[in-house]
Amino acid sequence: MTDFLHPDAIRTLFSRAMSDMYRAEVPQYGTLIDLVRDVNARVLAENPALRDRMRAADELDRLDVERHGAIRVGTAAELSLIRRMFAVMGMVPVGYYDLSVAGLPVHSTAFRPVDPHSLSRNPFRVFTSLIRLELLEDQDLAARAAEILNDRSIVTPAALRLIEQAEAKGGLTQAEAEAFVAAALETFRWHAEATVDAATYSDLVAAHRLIADVVSFRGPHINHLTPRTLDIDAVQAEMPARGISPKAVVEGPPRRAADILLRQTSFKALQEPISFHGETGTHTARFGEIEQRGVALKPAGRAMYDACLNDARGRVSVGPNGERAAEYVAALSDAFAGFPDDLTALRQQGLAYVRYRAGAPVDGAAASVEDLIAGGHLIVDPQTYEDFLPVSAAGIFQSNLGSDEQSNFGQSANRAAFEAAMGASVLDELALYQAAEDESLRVALTLLGQTHLINAA
Ligand code: OOG
Ligand code: NI
């Protein structure tokens, strides 16, 4: 049998290479990584119970390597190639995000590992958006953009060969994996030379800044890499002291005792010099972001989250320069006041996904799962939310386009078109969390000799 490197190990090589490349290209990213590391170390030192829980739940080791990135591609063929590239690293498309709700001409998925062990080794994920030329008003320009895109190849011949080889043989050896990572990295590199002239670039910008960002360059440069922090408010507060100015408000739920879903904040994109067929100009695309991840919510919890968020956004809307940010934060915490704020309530009310593990041994047959939990025989951990939030993502896109303004537009979701373009369906994230919860309970009950409770829960 050939000795293949596990896809998890290839993903770790790749995420490290991406992080090194981005650190070299965007110095503020390095500053942010250092800040997040300091804050995380402080939080863990001040909160030994959190440290113990994270270690026992196999969540501690991944913290320092945890990142997500984002890219934007231009065509169905590109999306499909990217899917095949990420598959080599054990990353598959999960979830569909319709960003047209925020007036953005893109729809997206997240490529990420799905197996719980793979997630705890390295959950590296890439938020991947496909531009929607069909949503542009100027269809002549859309046609021109499509032509420009058809002339580029975003994957190097070496990377393509290794993708095909991995598909044909079922994996890559260590040496092949290293060559693959080096070649794959080229796809995401920044290009200071545009493929279009300045006039075409400004036509594209006039249609939409996102369209210009995708169409004017040789490939889908990584536009941010996001480390995970345990205290986003502390990082946000300390950013200015390290020379970074964050967006006005943290996206997502308010600060809570029992973290839910995902809170994110970013710093504004850099203006970078670009050569447009020899003519000097600038382009703004790359930025920095941090995030704090909490428990994944079940459909009932998610509906409650969406309702609370809509309530807050209906009451206060943040302006383009961050006006009314403080009022918004107050409205947000008020809107979420009734949302249960401890893991037991979230679990008992069927609002959040958890994971079970076996604790103290049991004598005889217990009457219920709830009894086992009360007796310390079954331990409950929150399942970390591994995905993204469309309204938050829209806010991140927006701030990266240079504004803090919140907007609520109509929607034109088209998941079927996205899947057809990608050549694969997206996995249902809720089914993945449910399966992980069920499986963890089955394993724990079996270990405790309580199999009679397996289907009773
Ligand atoms: C992606 C923005 C979304 C997130 O964390 O929600 C995102 C982009 O700007 O391409 O990364
Ligand atoms: Ni992001």
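**Salt bridges, then the ligand site**

Modeller: The count of salt bridges comes to 38, each being a side-chain nitrogen of Lys or Arg within 4 Å of a carboxyl oxygen of Asp or Glu. This is a predicted model, where local features need pLDDT of at least 70, side-chain atom pairs count only at pLDDT 80 or more, and totals for chains, interfaces and linings use all residues. Residues are numbered from 1 along each chain as its sequence is written, chains are lettered from A and ligands numbered from 1 in the order in which they are written, and side-chain values use heavy atoms, without hydrogens or water.

One salt bridge joins D8 to R11, at 3.0 Å from N to O. Both residues sit in helix α1 (residues 7-25), 3 residues apart, or about one turn of the helix. Helices (DSSP H or I, at least four residues) and strands (E, at least two) are numbered from the N terminus.

Now the site. Around ligand 1 are H68, A70, R72, F127, N223, H224, Q264, E289, F388, A393 and F397, each with a heavy atom within 4 Å of the ligand. By class, this shell has 5 nonpolar, 4 polar and 2 charged residues. Here Ala, Val, Leu, Ile, Met, Phe, Trp, Tyr, Cys and Pro count as nonpolar, Asp, Glu, Lys and Arg as charged, and the others, Gly among them, as polar.

β1 gives the most to the shell, with 3 residues.

Next, the polar contacts (N or O pairs within 3.5 Å). A polar side-chain atom of H68 lies 3.0 Å from a ligand oxygen. For the side chain of N223, the distance from an N or O atom to a ligand oxygen is 3.0 Å. For Q264, the corresponding distance is 2.7 Å.

Terms used: Polar contact = N/O pair within 3.5 Å; in protein donor to acceptor, adjacent residues only side chain to side chain.
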